[in-house]
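Visitor: I would like to go through this model with you, one question at a time.

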Amino acid sequence: MPRDADPRDLLGFAGVALRARDYERAQAFARAAAAGDTGAVGIEALALASRLSRKAGDASAAAAHLHQALQTAQGFQAATLHLQLTKLYEHGLKDLARALHHAKLASAAELPVDHHRRILRLETRLARSTRAASLDLGMGSPRSGT
């Protein structure tokens, strides 16, 4: 790709490649667009790169793209990225503590009732998994006798 290519054009090419189901090329264009812009276009390109990574089964790379986008995102755009990270950590990476952390930062990206329901669900699941882990370690059961 030419070094002087406009990031907006590169992002557009990524969209065309995505519609053509050429995911590898879409990923390359999205990354190039992100490398050329630290503003809104770069953030959108990183969000696209994240979706493509997740589609390819690489949840860790998807999270890395979103974290990179968060370095410059603000306001509603940041809240939207936090919401995407919430879903990725809950369902893709199975890290409920991080999912809850990002959910708390995503309130502006969803309706209050949905946000409250998500927080409550994550807190409940996290408490349940913490209890189950402590039982697995023998911390929650009485010791057998000596």
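Visitor: Does Asp114 count as buried, partly exposed or exposed, and what is its relative accessibility?

Guide: This is a predicted model, so the values here are computed from predicted coordinates. The label buried needs a relative accessible area under 20%, and exposed needs one over 50%. Asp114 falls between these cut-offs and therefore counts as partly exposed, at a relative accessibility of 28%.

Visitor: Which residue meets the side chain of Asp114 in a salt bridge?

Guide: The distance to look at is the one from N to O, which is 3.3 Å in this pair, and a salt bridge requires a separation within 4 Å. The two partners are three residues apart in helix α7, which spans residues 112–136, and are therefore separated by about one helical turn. The partner, itself partly exposed with a relative accessible area of 49%, is Arg117.

Visitor: What is the N to O distance in the salt bridge between Asp95 and Arg98?

Guide: Asp95 counts as partly exposed at 25% relative accessibility, and Arg98 also has the label partly exposed, at 46%. Their side chains meet in a salt bridge, for which the N to O distance is 3.8 Å.

Visitor: Where is Lys94 found, and what is its phi near?

Guide: Lys94 is found in the loop between α5 and α6, and with 61% relative accessibility it counts as exposed. Its phi is a positive value in a residue other than glycine, near 55°.

Visitor: What is the phi of Arg21 near?

Guide: Arg21 has its place in the loop between α1 and α2, where it counts as exposed at 65% relative accessibility. Its phi is again positive in a residue other than glycine, with a value near 65°.

Visitor: Which residues is Leu48 in contact with, leaving aside its neighbours within four places in sequence?

Guide: In soluble globular proteins, nonpolar side chains tend to be buried together. With the sequence neighbours within four places set aside, the contacts of Leu48 are Leu11, Ala14, Leu18 and Ala30.

Key. Residues numbered from 1 in each chain as written. Predicted model: local features only at pLDDT ≥ 70, side-chain atom pairs only at ≥ 80, totals over all residues. Heavy atoms only, no water. Buried < 20%, exposed > 50% of the residue type's maximum accessible area, 1.4 Å probe, protein only. Helix = DSSP H or I, 4+ residues; strand = E, 2+ residues; numbered from the N terminus. Contact = heavy atoms within 4.5 Å.
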